[in-house]
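This briefing covers the overall fold, the surface and one residue position. The sequence and model come first.

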Amino acid sequence: MFYKEAIPRCQWVDIRDALYISYHDQEWGIPVHQDNRLFEALALEMFAAGLSWKHILHKRSAFREAFDNFDVIKISQYDDKKIISLLKNNTIIRHKGKITACIHNAQVFLKIQSEWGSFNHYLWHWTNDKSIFSDGLETTSLLSDIISHDLKKQGMKFVGSITIFAYLCAIGIIQAHQDTCFMKRKQI
Ligand SMILES: [Zn+2]
């Protein structure tokens, strides 16, 4: 692990945490276009609202197990019995408002999918299918404001601008590696 510590990364990366390092180096900011992965990332960012991403990342495999691998169709059909079982599951975030919002957002996600052909098409159209750059210091932007507003208008919950900004960075629409980070140099 020592050689990894010598590599300059975004300052928010906890270099004592191997899972966090590999997430930063191999996933964060790399463009995602598959709808199932776009839904998973959105759902996890929603659960992360008000908490640390690191906390959610360490629960990601438990979330995948509890939420049918983030199968959006299955989640959109969760009933009260399933909600009760999720609320008893101490490996995930047991927040009733977020769990019911996740189910509701899955239903809205499917509606957007059917209107746009794919959620990917909907999400990337805001930037004409291109990634845009951020200095890595912002927590919201005009783009995250606009998309947050649109998703709320369509009925999604827990999709404030800070959550959407983090989401757009995670799935590569916004490239937010800091100037000193080796991943930033790779992107230029
Ligand atoms: Zn970085």
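In the protein chain, 68% of the contacts between residues at least 6 apart in sequence join residues at least 24 apart, contact meaning heavy atoms within 4.5 Å. This is a predicted model, in which local features need pLDDT of at least 70 and side-chain atom pairs count only at pLDDT 80 or more, while totals for chains, interfaces and linings use all residues. Residues are numbered from 1 along each chain as its sequence is written, and side-chain values use heavy atoms, with hydrogens and water left out.

**Fold and dimensions**
- The protein chain has twelve helices and two strands, taken as DSSP runs (helices H or I, at least four residues; strands E, at least two) numbered from the N terminus.
- Their order along the sequence is α-α-α-α-α-α-α-α-α-β-α-α-β-α.
- Along the principal axes, the C-alpha atoms fill a box of roughly 50 × 40 × 25 Å.

**Burial and surface**
- Of the 188 residues in the protein chain, 49% are buried, that is, under 20% relative accessible area with a 1.4 Å probe, protein chains only.

**Ile147**
- Ile147 lies in helix H10 (residues 142-153).
- Ile147 counts as buried because its relative accessibility is 1%.
- Beyond its neighbours within four places in sequence, Ile147 is in contact with Tyr122, Leu123, Trp126, Ile164 and Leu168.
- Phe165 is 18 residues from Ile147 in sequence and 9.0 Å away in space, C-alpha to C-alpha.

Definitions and conventions. Buried means under 20% relative accessible area, exposed over 50%, partly exposed in between (1.4 Å probe, protein chains only).
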